[in-house]
Amino acid sequence: MNLIILGPQGSGKGTQAQLLSEKYGMLNFESGEIFREMVKGDSPYKEQLMATMNKGELVPDQIANSVIEDYLKKINVNNKSIIFDGFPRSLSQLKMLEEFLLSKGEKIDGVINIEISEDESVKRISSRRICERDGRTYNLITNPPPTPDRCVCGGNLIHRDDDKEEIVRKRSQVYKSRTEPLVAILSGKTKLININGEKPIEDIHKQILEELTKRNIVHE
Ligand code: AMP
């Protein structure tokens, strides 16, 4: 089973992807994490990636497609259920993914589209904190850490540069112009589940599970 989860920053798609990957043993394919790891390492693209990400822009398709395709080939996706989070983010990336899956005799089985307003997105993302040690995500408003600045594992909590308000607004615009159009395109090709993201995490998770079952994407 291959699912795509779409939604603006702060829609909670990362959290929902994590819950689905735990529930169904799916591989959680997070492109943002791939690029963040590259920035920490010694990739030839390091400087360019850092500048692009800090500005809230998308990594250019040529680089993104090449990096992501290499990554997909390396992790041996055969016989794995995958949830794609943060990828595809453009028409060109969608084409690459479709071709890649086709070469494996697979397809996109469903798309979960989580919707929230821009103001809500900005509010949530500027309150997001991430653990430096285990990558756990908190939100100062909706999912606060046990103690300020500290993760449950004891790691230090950080505020990502691209989670600051001005950059979040820019990322929202980029999402609207480059990624949101994929919803209409995908709705003509696969099963689309639209979800109101302005609800508690557990309610959204429950609704996603119900919709996946109702549409025969998963079988309970
Ligand atoms: P994310 O954590 O998914 O919001 O990704 C953080 C940043 O990484 C984005 O703002 C982009 O600069 C970059 N990025 C992640 N995934 C992609 C992608 N599929 N295509 C282009 N840029 C990406």
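Start by selecting Phe 87: with 1% relative accessibility, Phe 87 counts as buried (under 20% relative accessible area, with exposed over 50% and partly exposed in between; 1.4 Å probe, protein chains only). You're looking at a predicted model, where local features need pLDDT of at least 70, side-chain atom pairs count only at pLDDT 80 or more, and totals for chains, interfaces and linings use all residues. Residues are numbered from 1 along each chain as its sequence is written, and side-chain values use heavy atoms, leaving out hydrogens and water.

Ring centres within 6.5 Å make a pair, with planes under 30 degrees apart stacked, over 60 edge-to-face and the rest tilted. Zoom in on Phe 29, buried at 2% relative accessibility. The centres of Phe 29 and Phe 87 are 6.0 Å apart and their planes sit at 55 degrees, so this pair is tilted.

Next, pick Tyr 71, partly exposed at 34%. Across the whole structure there are four aromatic pairs; Phe 29 and Tyr 71 make an edge-to-face one, 5.8 Å centre to centre with 75 degrees between the planes.

Click Arg 36, where a side-chain N or O atom is 2.9 Å from a ligand oxygen. Then try Gln 93, with a side-chain N or O atom 2.8 Å from a ligand nitrogen.

Terms used
Polar contact = N/O pair within 3.5 Å; in protein donor to acceptor, adjacent residues only side chain to side chain.
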